[in-house]
Amino acid sequence: VLVCHGNNEDIGEVDVENLAKLLNSNICLFDYAGYGLHSNMNASEGECKKDVIYVYNYLVIKYKLCPGDLVIYGRSLGTGVACYLARYLNFNKNTRIRALVLISPFLSAVKIVSNINIFGDIFMNYLEAPKVSSPVLIIHGDKDDIVPVKNSIELSEYFKNLYELVILKNRCHNDMLSNEFYSIIRRFIFIYE
């Protein structure tokens, strides 16, 4: 599972060993430019995209990872990075990933707060989604006040291979982690073994 973390997070905040046990999977975490101990402190959409491609290539070349075994997991800001990578790899059937898991995704950075199109909008997941052919699971809390749940509802309509949209009751943006949450993800990622 390649984990693309959210905003105001870095890999130092994740208990990787516990996450690996909860998902019954190997985990790869990385920081984007501008986050954690990354050598480049200039955060940008372009740098995030370069970073995720670099990490993917590292896994495939150094560890001989078969793309069909890869699950990309993105949370909040990380959904922009995850959708980009899934779409990027979709162009070749030999690089198609096993599955895409999106936690609290947004349509785009601007569309979190407004439903207008603005030049310079970033992480436009709604444009990436139709080009993703891998199965997709979306999970969102119905009380999310950072990325309103309507983003997931609308975004889910763009994916042609949506497995499921799960809306967790009485959950906010940062309190989704629970046995139910991990159980939903495990069930999804192991369907495609």
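Reader: Hi! Can we start with Leu 23? Setting aside its neighbours within four places in sequence, what is Leu 23 in contact with?

Author: Happy to! Beyond those neighbours, Leu 23 is in contact with Val 1, Tyr 182, Ile 185, Arg 186, Ile 189 and Phe 190. Do keep in mind that this is a predicted model.

Reader: Noted. Where is the place of Leu 23, and does Leu 23 count as buried or exposed?

Author: Leu 23 sits in helix α1. Its relative accessibility is 0%, so Leu 23 counts as buried, the limit being under 20%.

Reader: At what angle do the axes of α1 and α6 cross?

Author: They cross at roughly 60 degrees, and the axes come within 9 Å. From α1, the contact uses Leu 19, Leu 22 and Leu 23, while α6 brings Tyr 182, Ile 185, Arg 186, Ile 189 and Phe 190.

Reader: How far apart are Arg 187 and Leu 23, in sequence and in space?

Author: They are 164 residues apart in sequence, yet 9.4 Å apart in space, C-alpha to C-alpha. Not counting residues up to four places away in sequence, Arg 187 touches Tyr 163 and Glu 164.

Reader: Nice. What about Leu 23 and Met 41, how far apart are those?

Author: That pair is 18 residues apart in sequence and 31 Å apart in space, again C-alpha to C-alpha.

Reader: Changing topic: at what angle do α2 and α3 pack?

Author: Helix α2, residues 45-62, and helix α3, residues 77-90, pack at about 55 degrees, and their axes are 10 Å apart.

Reader: Why are α2 and α3 described as oblique to each other?

Author: Angles of 65 to 115 degrees count as roughly perpendicular and those under 35 degrees as roughly parallel. The angle here is about 55 degrees, so α2 and α3 are oblique to each other.

Reader: Which hand does the crossing have, left or right?

Author: It is a right-handed crossing of α2 past α3.

Reader: Which residues in α2 meet which residues in α3?

Author: On the α2 side there are Cys 48, Lys 49, Val 52, Ile 53 and Tyr 56, and they meet Val 81, Tyr 84, Leu 85, Tyr 88 and Leu 89 in α3. That contact divides into nine nonpolar residues, one charged and no polar.

Reader: What is Thr 95 in contact with, its neighbours within four places left aside?

Author: With Tyr 56, Pro 67 and Leu 89. Thr 95 itself lies in the loop between α3 and β4. A polar atom of its side chain is 2.6 Å from the backbone oxygen of Leu 89.

Reader: Let's do Glu 9. Where is Glu 9 found, and is Glu 9 buried or exposed?

Author: Glu 9 is in the loop between β1 (2-4) and α1 (16-23). With a relative accessible area of 19%, Glu 9 is buried, since the cut-off is under 20%.

Reader: What does the side chain of Glu 9 reach?

Author: The backbone nitrogen of Gly 6, at 2.7 Å. Leaving aside neighbours within four places in sequence, Glu 9 is also in contact with Tyr 35 and Arg 75.

Reader: Now some backbone. What is phi of Lys 64?

Author: Near 55 degrees, which is a positive value in a residue other than glycine. Lys 64 is in the loop between α2 and β3 (71-75). Its relative accessible area is 67%, so Lys 64 is exposed.

Reader: And what is phi of Phe 123?

Author: Near 45 degrees, another positive value in a residue other than glycine. Phe 123 is in the loop between β4 (99-103) and α4 (125-128), and at 5% relative accessibility it counts as buried.

Reader: Last one: is Gly 120 buried or exposed?

Author: Gly 120 is exposed, with a relative accessible area of 56%. Gly 120 is found in the loop between β4 and α4. Gly 120 and Ala 109 are 11 residues apart in sequence and 9.9 Å apart in space, C-alpha to C-alpha.

Terms used. Residues are numbered from 1 along each chain as its sequence is written. This is a predicted model: local features need pLDDT of at least 70, side-chain atom pairs count only at pLDDT 80 or more; totals for chains, interfaces and linings use all residues. Side-chain values use heavy atoms; hydrogens and water are left out. Axes are lines fitted to C-alpha atoms, for helices over the stretch in contact, and angles run from 0 to 180 degrees between N-to-C directions. Helices (H or I, at least four residues) and strands (E, at least two) are DSSP runs, numbered from the N terminus. Angles under 35 degrees count as roughly parallel, over 145 as roughly antiparallel, 65 to 115 as roughly perpendicular and the rest as oblique. A crossing is left-handed if the near helix is turned anticlockwise from the far one by less than a right angle, and right-handed if clockwise. Contact means heavy atoms within 4.5 Å. Ala, Val, Leu, Ile, Met, Phe, Trp, Tyr, Cys and Pro count as nonpolar, Asp, Glu, Lys and Arg as charged, and the others, Gly among them, as polar. Buried means under 20% relative accessible area, exposed over 50%, partly exposed in between (1.4 Å probe, protein chains only). A polar contact is a pair of N or O atoms within 3.5 Å; within protein, one must be able to donate a hydrogen and the other to accept it, and residues adjacent in sequence count only if both atoms are side-chain atoms.
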